[in-house]
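The following note collects points for a colleague who wishes to examine the model alongside its sequence.

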Amino acid sequence: MSNAATFDTRTDTAIPVESPLAYSYRHSGAPRGSGYRLKLRERAMLGHLILRGGAIVLDEAVREVLGINLPGKPQALVQDASGERSIQWLSPDEWLVIVPGGEEFPLETQLRERLGDAHYAISDVSGGQTLLEISGEAARELLMKTVIYDVHPSNFPVGKGVTTVFAKATTIIRRPSEERWELVVRRSFADYCYRWLLDAGSEYGVNVEQ
Amino acid sequence: MFYIYCPYCGEHREEEEFHPKGQAHIERPKNPEECSDEEWGDYLFFRDNPRGVHHEMWVHAVGCRKFFNITRHTVSYEILETYKMGEQPSITAEGQNHSREAAAVSHQEGVRA
């Protein structure tokens, strides 16, 4: 194992935690009701890790530890059978791993043990970003007027994820399944994106699940 | 708007995702200590401003955040090719001068490229 200094960002101490959208729920509300065509859900406090290094070195370790193949193709997104853990290609030497909250530190430790002195970097970015889920029949329509990237199914099939501009904010847009889209946004941009989604979605009717 | 092909992402993306970063293929003098002031100044401050084919460095700032090279025509703004860092361009000013398009442009403008 390398001698990089690591620490678990989730302590045992009982500190109240708030999702990046806690402020937004209080100030902008969370519309509910029936007759909506758009559904929003934040999946806060997940474990986000950035892996950097050579694909061959990382692939072996990731497959052993996580049981998922490292996507080698640009824009690829792979998930495990449960859909709880995913790895996304971000750049030729960079991947985003998202796992259920609390799993990221054990995973990082295991990867570091497995990778030893190889040339790589693992950064825990869980506190810096959050994941928003968009579903409903109007989800694609909303994305079409918000992002500069072509989200037509012919260009954006399931299992793809891109980093692009979402209403002026840098955002990762992923499509883990046919009906569901995911946005990985910066914590500091979460309120802006949330309010944009509420505003842009008002014509379809929005339902926010908390 | 340009629609730029990122050689690392392997697809065309909106110009909004990119930033230009100046002239490409600038080589740092191997031995700065032995450079004359003029050579060092040339390397540091002076850039080409050609009329016609120009090689530029761009970065896919919002996408994969990799630097790559673009061969661009400064008159028509047409992007002729994009290629990864460390690679050499297949389209150069010398090669382009013989092409019909460049000839037409310089004829039209009445000046030498």
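Which residue just after α2(A) takes a positive phi? The residue is A:Gly67, with a phi of about 75 degrees. The points below concern a predicted model.

1. Helix α2 of chain A spans residues 55–66, and its buried residues are A:Leu58, A:Ala61 and A:Val62. Viewed down the axis of α2(A), these buried residues lie within an arc of 100 degrees, so they line one face of the helix. A:Ile56, A:Arg63 and A:Glu64, on the other side of α2(A), are exposed.

2. The cover over the buried residues of α2(A) includes two kinds of element. Strands β2 (47–53), β4 (86–91) and β6 (120–124) of chain A contribute to it, and so does helix α3 (104–115) of chain A.

3. Chain A contains an open sheet of six strands with mixed pairing, in the order β8-β9-β10-β7-β1-β11. Its edge strands, β8 (160–166) and β11 (206–209) of chain A, each pair on one side only. From one strand to the next, the twist averages 25 degrees.

4. Strand β1 of chain A illustrates the mixed pairing of this sheet. Towards β7 (residues 129–135) of chain A, strand β1 (residues 38–43) of chain A runs antiparallel, and five bridges join the two. One of the residue pairs here is A:Lys39 with its bridge partner A:Ser135 in β7(A). Towards β11(A), by contrast, β1(A) pairs in the parallel sense, over four bridges. There, A:Leu38 stands opposite A:Val206 of β11(A).

5. A:Val206 and A:Val208 form its covered face, while A:Asn207 and A:Glu209 form the uncovered one. A:Val206, on the covered face, is also the residue opposite A:Leu38.

6. In soluble globular proteins, nonpolar side chains tend to be buried together. The largest nonpolar core of this model holds 56 residues. Those with the most contacts inside this core are A:Trp95, A:Val97, A:Ile134, A:Leu183 and A:Cys193. Strand β5 (residues 94–99) of chain A supplies the largest share, five residues.

7. What surrounds A:Leu183, once its neighbours within four places in sequence are left aside? A:Leu183 is in contact with A:Leu132, A:Ile134, A:Phe166, A:Thr171, A:Ile173 and A:Cys193. Among these partners, A:Ile134 and A:Cys193 are themselves listed with the most contacts inside the core.

8. Chain B comprises three helices and six strands, which follow the pattern β-β-β-α-β-β-β-α-α along the sequence. Of its 113 residues, 17% are buried. Among contacts in chain B between residues at least 6 apart in sequence, 50% join residues at least 24 apart.

9. B:His25 has a positive phi of about 60 degrees although it is not a glycine; B:His25 lies in the loop between β3 (19–23) and α1 (37–45) of chain B, and counts as exposed with 10 C-beta neighbours inside 10 Å. B:Arg65, likewise not a glycine, has a positive phi of about 60 degrees. B:Arg65 is placed in the loop between β4 (53–59) and β5 (67–73) of chain B, and its 14 C-beta neighbours inside 10 Å make it partly exposed.

10. At the interface, eleven residues of chain B are in contact with ten residues of chain A. The side contributed by chain B divides into four nonpolar, two polar and five charged residues.

Technical notes
Residues are numbered from 1 along each chain as its sequence is written. Chains are lettered from A and ligands numbered from 1 in the order in which they are written. This is a predicted model: local features need pLDDT of at least 70, side-chain atom pairs count only at pLDDT 80 or more; totals for chains, interfaces and linings use all residues. A residue is buried if 20 or more other C-beta atoms lie within 10 Å of its own, exposed if 12 or fewer, and partly exposed in between; C-beta atoms are placed from the backbone. Two residues are in contact if their C-beta atoms, placed from the backbone, lie within 7 Å. Ala, Val, Leu, Ile, Met, Phe, Trp, Tyr, Cys and Pro count as nonpolar, Asp, Glu, Lys and Arg as charged, and the others, Gly among them, as polar. Two strands pair if DSSP finds at least two bridges between them. Axes are lines fitted to C-alpha atoms, for helices over the stretch in contact, and angles run from 0 to 180 degrees between N-to-C directions. A nonpolar core is a set of buried Ala, Val, Leu, Ile, Met, Phe, Trp, Tyr and Cys residues joined through C-beta atoms within 7 Å. The arc is that of the directions from the helix axis to the C-beta atoms.
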